[in-house]
Amino acid sequence: MRKTLYNLEMCRYIWLIGSIIGTLLHISSSLYLAFIFLSLVIFINSQVRLKILKNRLFLISIFLEVLLVLYLQSLTGGYIYIILFTTITDSVLRLKDEVYLIFVLIASTLLYSLYPVYSLEWIIIILLFYLITYLLLRQLRQELDARMDTEVLYDQIRKYNYELEATRARLLSYTKQVENVAQLEERNRISRELHDSIGHDLTGILLQVDASIQLLPIDGEKGMEILNSAYDNINKSIENVRQTAGKLRPTTFQSHMTTLKELIEKFERDTGVNVEFLTKGTPYQLYPSIELVIYKNIREALTNSVRHGYAKNIHIQLIYSSQDMQIIIEDDGLGSTHIQKGFGLSGMEERLEIVEGSITYAGDKGFRIHMKIPKREVM
């Protein structure tokens, strides 16, 4: 497109300068001074219009140029009318609604200038060339507008991408804050439960033991009764401690593992594809946000293996280490040497970025996805 505009600008200067020089060679010396002065005015007006003028001043410059060309053509004859091709070029590339009016005005000026000098055949040829030039310029203007719209759209998309990155960073920050708040609330709940139940029970037992110590020398039967009651309360407190400890166990992770197994079993039933699911290392509890990312990414990978790779066997590994958690998904499908990211892979990357994870993939032998998520064990 830049080359086209450069060539068009060269043609513009050729039309402008060539018409002046060509006319200068065919006029008498007595008209030199007036012709050169008015030609210089036309040239300066053309350059100022091209570089500076806009809107109404641009239109005034166009009309001034048409009048000057009309006057010089009537004064000298020659080829000065060719300047009107630069006029229509500037008009089409810069104007919108007024371009049709300028087209008719220049066509009328050409007809008026050529009629006394040229034969009808030449007039028709020049007007036809003028019409073709106008149509080509209109086509070029449409392509320029389309390219400009594309560039504006690209700038908007780039701006939205920047905003999306900022929003994603804020979302990650908010996610961490929510998890910290949830962890703090859970600790407060456990603290209240320990205080309200176990603490109360132990205080009551302490008072009973104290009372039994004081009563045993005086009333052994009554003291033993209170001591037996304290014994029963100790058993109840032990059971209460067991229940509280049970609430602290990472049942969420077990539920998540069960959900993954249910997902795989349903996938095998629906597709007939064999899926092998293994875990290595010692599993630990994960935050719900991380569990959700793992679930959605494994589901997406399973779907892609069948939809795009036509795989018959899929192997999934969950590897737990002291640094991170890794998910490896391999299939025996078609694979791809030129991987193009679609919504599936892009969505997997975006979900992993939220939890500070990463993903790599390869398609040389089947398709292989390797995900890593830094260890953030729930305490």
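Predicted model: local features only at pLDDT ≥ 70, side-chain atom pairs only at ≥ 80, totals over all residues.
Author: A residue counts as buried when its relative accessible area is under 20%.

Reader: Why is Thr 89 called buried?

Author: Thr 89 has a relative accessible area of 2%. That value falls under the cut-off of 20%, so Thr 89 is buried. Thr 89 is found in helix α4. Leaving out residues up to four places away in sequence, Thr 89 touches Leu 8, Trp 15 and Leu 137.

Reader: How do you know that α4 is largely enclosed by the rest of the structure?

Author: Ten of the twelve residues of α4 are buried, and therefore the helix is largely enclosed by the rest of the structure. The buried residues are Ile 83, Leu 84, Phe 85, Thr 86, Thr 87, Ile 88, Thr 89, Asp 90, Ser 91 and Val 92. For the protein chain of 379 residues, 37% count as buried.

Reader: How do you know that the span of α4 agrees with its number of residues?

Author: The expected span is 1.5 Å times one less than the number of residues. For the twelve residues of α4, residues 83–94, this should give 16 Å. The end C-alpha atoms of α4 are 17 Å apart, which agrees.

Reader: What makes Ser 46 buried or exposed?

Author: The relative accessible area of Ser 46 is 0%. Since buried means under 20%, Ser 46 is buried. Ser 46 is found in helix α2, residues 32–51. Apart from neighbours within four places in sequence, Ser 46 is in contact with Arg 12, Leu 16, Glu 65 and Asp 90. One of these, Asp 90, is listed among the buried residues of α4.

Reader: Why is α2 called roughly antiparallel to α3?

Author: Two packed helices are described by the angle between their axes and the distance between the axes. Helices α2 and α3 (residues 55–76) pack at an angle of about 160°, and their axes are 10 Å apart. Angles over 145 degrees count as roughly antiparallel, and therefore α2 is roughly antiparallel to α3. The crossing of α2 past α3 is left-handed.

Reader: Which residues of α2 and α3 meet?

Author: From α2 come Phe 35, Leu 38, Ser 39, Val 41, Ile 42, Asn 45, Ser 46 and Arg 49. From α3 come Phe 58, Ser 61, Ile 62, Leu 64, Glu 65, Leu 68, Val 69, Tyr 71, Leu 72 and Thr 76. By class, the contact has eleven nonpolar, five polar and two charged residues.

Reader: What makes α9 and α10 roughly antiparallel to each other?

Author: Helix α9 (residues 288–307) packs against helix α10 (residues 343–354) at an angle of about 165°, and the axes are 10 Å apart. The angle is over 145 degrees, so α9 and α10 are roughly antiparallel to each other. The crossing of α9 past α10 is left-handed. The contact is made by Val 293, Lys 296, Asn 297, Glu 300, Ala 301 and Asn 304 of α9 with Gly 344, Met 348, Arg 351 and Leu 352 of α10. It has four nonpolar, three polar and three charged residues.

Reader: Why is Tyr 310 called exposed?

Author: Tyr 310 has a relative accessible area of 58%. Exposed means over 50%, so Tyr 310 is exposed. Tyr 310 is found in the loop between α9 and β2, where β2 is 313–320.

Reader: What is the phi of Tyr 310?

Author: Most residues other than glycine have a negative phi. Tyr 310 is not a glycine, yet its phi is positive, about 55°. Glu 356, also not a glycine, has a positive phi of about 65°.

Reader: Why is Glu 356 called partly exposed?

Author: The relative accessible area of Glu 356 is 38%.

Reader: What makes Arg 368 partly exposed?

Author: Arg 368, in strand β5 (residues 367–374), has a relative accessible area of 33%. That value is between 20% and 50%, so Arg 368 is partly exposed. Not counting residues up to four places away in sequence, Arg 368 touches Ile 328, Ile 329, Glu 330, Thr 360, Tyr 361 and Ala 362. Arg 368 and Gly 333 are 35 residues apart in sequence, with their C-alpha atoms 9.9 Å apart in space.

Reader: How many of the contacts with a separation of 6 or more come from residues 24 or more positions apart?

Author: In the protein chain, such residues account for 68% of those contacts.

Notes. Residues numbered from 1 in each chain as written. Heavy atoms only, no water. Helix = DSSP H or I, 4+ residues; strand = E, 2+ residues; numbered from the N terminus. Buried < 20%, exposed > 50% of the residue type's maximum accessible area, 1.4 Å probe, protein only. Axes fitted to C-alpha atoms, helices over the stretch in contact; angles between N-to-C directions. Parallel < 35°, antiparallel > 145°, perpendicular 65-115°, else oblique. Left-handed = near helix turned anticlockwise from the far one by under 90°. Contact = heavy atoms within 4.5 Å. Nonpolar A, V, L, I, M, F, W, Y, C, P; charged D, E, K, R; others polar.
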